[in-house]
Amino acid sequence: MIGRHEERIFLLGQLHAAPSVPPRIILVDGPMGSGKTALVTSALAEIERPVLLARADRFAGASPLASARPVIESLLDADLQQMIEEHSLRGILRECITVLRERDAIITIDDAQWLDPMSSQFFADLISGTAPLTVLLAYRQAMAPVRLIDTARSAGASIEHLSVGPLADPDIATLSAGVSTEQRRIIVETADGNPLFARTLRAAFLRHPDATTLDEVLPLGRGPRSELLRSVVSADVRALPACARRTLEAVAVLGAIDPARLAALTGGDVAEDLVLLRRHGLIDDESSEAIHPVVRSSTYQSATEDDLADLHRRAAALAGTTPLESAEHLSRLRSHLTDDDLSVLLDTAEHALGTDPASVERWLRASLHLREPRRDLLLARALALSGRVDEAAPLLEPLLDLPGHGAEARALLAHALRMSGQPDEAHEVLSSYAGPRIPALLLELAATSSLTDGHDPADPLLIELSAAHGEPYASASAALRTIALLNTGNIGAARREFDGVLAAMLARPAEELREVMDAAACAVWCAYMLDELPQGIEFGERMLRIARRFGRMSVQPLLYCALAFCLTQAGRLEDADAAADLAVETAERYRVPDIVAMARVAQALSAFLQQDMELLRERRDALQASPLPAVRWWRRTAQSALARTSAMLGEPIPHVLVTDPPDVTTPLRYADAATVALFEGDTETARRYYEEGRQLALDYGVASQSALLGVLLSGVIAGDGPASAARAIDLLEEARDSFERLGMPCHLSMAVGNLQRLRASATGEALNALTPRETEVADLLADGKTNQEIADALVISRRTAEEHVGNVLRKLGLSSRHGVLSALRGR
């Protein structure tokens, strides 16, 4: 490393240090062509710790996790695309953090200024994790990856900074060996310390050994130094023999030096060409960077559009090229894109919609010169998924009445409007359609109707959908019908309708279920509200995998939110919090505002079950800052939960109990209103609301809600005398049995704890009520004495002993003498 000895020593010192928590971040910046990559590569070569290298590449576009792919695949030893289909991105992140805890690894991100958005998010989350970590970021001067650096600072990371400045003139002179003294002087003067500039100027003089001025080898013109550098490289590229230039263009297209793949692209042997390109300094297969971005950019500028199109088409068809990589190559064909190319691109785009709609948008915009309704539908979907409904609408409107596409276009537009909190507008788009009704349109119309105030639950639509199309539409219809019944408080009919739905849908293949995603999300909500938690969780997790696999990402917020509620009830609070975080993240990304508040409600419930008041306050504040849902049912839930948590925190807000029209969660709103009253000191109102809410839950047959209200009610009535204390114990015993049967461990623990405390208190009072003689009898009973043995020990008749035993059992509230020992233990 000519002229970089001090920088190299500094960098080696940082890389040799042990990884730490919080992470150690090493920043390496410098101007274009300053040799950052060469310096980093040289230092890493001496490190014995494993190195995970990510290279951001603006030429590869913004394919989902393009830059993070090699790091993830190396850590988890698995194909990223397969993982995305089977796991959430948050799940992949957690697995990576787990592996990093066991590995003393260095993550290096070169050209970090070109990170695609999803990779940037991944690395930011990784830095925020708890794994001991060393991360090296190399980037171009004045183009810092601000997001990663800010994340590191917020995580308390130690940050070291190395700026790679210009080389000294003697070092540039050393790099210019092999040319004349005058040529070397010109190189030193013109390169201004930039090693890449020096190498490219040297290559130009080597081609023209008799030249004595720079103008003789290159007409430079005037402009910024970066443009001057590109001009020098472009001249070097144009001066290559045709076959070598073709090979360099192939390297630029692939971004790697792979002789076999390069030969497939160029159609000939590339060995001699690669030797020449190395000699000219245009490629470097000993570095982690096969071709410098400036060389790559200049090569692109020098190549003809026809040549680049041919290479990209060949690259797209190479064995081992992933579908996402093929799509990147095909999108660069632009005017050369054929109908067959577009068909392949659309197939890939449909799958990639889920992980990164921005990439799909970029791919498809390259094909706008071709008329293709399917492309317009996919492009509109990509825009809608990005929350840009206004941009999607002009693409969809010409298709609304187009034969073969009108129904799908209307369903997509209505879906975008519904998910963005405009159910009335969505209903209008759908109800005005008079053409053939495909399942997607019927599903959307039914889903929209069930959420829109003033509309019927769309029974005829569901009957039509079920009768005309069979499974999985029959199960989807039942799920939508169930949610409509729950929304109107008809719980018995809802339970009958939902019977067997989850089992039927779990038995269907993924390819079928992707067509009924919204109804499937409704099924997860139904499972939560009807206490079918294990199957609801299993089905919700499967549907999320299917959503990721087939690009149905606008439904992810709904699925994550429903799953968060199921997981909270099931006591899996860490998983529930993660699911709620993902619900908020995806809701904000895909502009589904109603879900944000609902996810915050789930997290507030989780904090309550964790008995963490500071966490509850934090989550109350997040709920308070969330947009109020447009859907009536969710709006009331969010308002009620906010009032409850605020009261518990000693910061009451005005709240009115709303019970009409009733729905399946109305008992919980009674509980919320009762809690508000209780913390305001109105015990009588609290008792009344708890009683009414519990009775309604019993009428509905929703055991989880009646059990919860029983626990809350027991706390209010327990101190009102022996009879009330006995009833409180009965309520807690019933709740304990229900929570145990339903698999709700956190609620079970709460019921059991309250039951133990109440029993201990009741027993203490009963013991105080015993006479001295009854206390003696109780002690003998605890020792296992019979009535005759008690009579002999106390020198009393057997009949008198029996009377004392009866009084002891009655006062202690016991049905047999076997419980006396336990009762006396707390004395």
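A polar contact is a pair of N or O atoms within 3.5 Å, where, within protein, one atom must be able to donate a hydrogen and the other to accept it. In this predicted model, a contact of that kind, at 3.1 Å, joins the side chains of Thr 665 and Trp 633, and another, at 2.6 Å, joins the side chains of Thr 665 and Asp 663. Thr 665 lies in the loop between helix 37 and helix 38 (666-679). Because a residue counts as buried when its relative accessible area is under 20%, Thr 665, with a value of 10%, is buried. Leaving aside residues up to four places away in sequence, Thr 665 touches Met 529, Trp 633, Thr 637 and Gln 705.

Five strands form an open sheet in the order 2-3-4-1-5, and their pairing is parallel. Strand 2 (51-55) and strand 5 (158-163) stand at its edges, and because each has a single partner strand, one side of each is left without a neighbour in the sheet. From one strand to the next, the twist averages 15°. Within this order, strand 1 (residues 24-30) and strand 4 (residues 134-140) pair in the parallel sense over seven bridges, and Ile 26 has Leu 136 of strand 4 as its bridge partner.

The buried residues of helix 36 are Leu 615, Leu 616, Arg 619, Arg 620 and Leu 623. Seen down the helix axis, these buried residues fall within an arc of 140°, and they therefore line one face of helix 36. The face turned away from that buried side carries the exposed residues Glu 614 and Glu 618. What do the buried residues of helix 36 pack against? They pack against helix 34 (573-589), helix 35 (593-610) and helix 37 (632-648). At the start of helix 36, a side-chain oxygen of Asp 612 reaches to within 3.2 Å of the backbone nitrogen of Glu 614.

Technical notes:
Residues are numbered from 1 along each chain as its sequence is written. This is a predicted model: local features need pLDDT of at least 70, side-chain atom pairs count only at pLDDT 80 or more; totals for chains, interfaces and linings use all residues. Side-chain values use heavy atoms; hydrogens and water are left out. Buried means under 20% relative accessible area, exposed over 50%, partly exposed in between (1.4 Å probe, protein chains only). Helices (H or I, at least four residues) and strands (E, at least two) are DSSP runs, numbered from the N terminus. The arc is that of the directions from the helix axis to the C-beta atoms. Contact means heavy atoms within 4.5 Å. Two strands pair if DSSP finds at least two bridges between them. Axes are lines fitted to C-alpha atoms, for helices over the stretch in contact, and angles run from 0 to 180 degrees between N-to-C directions.
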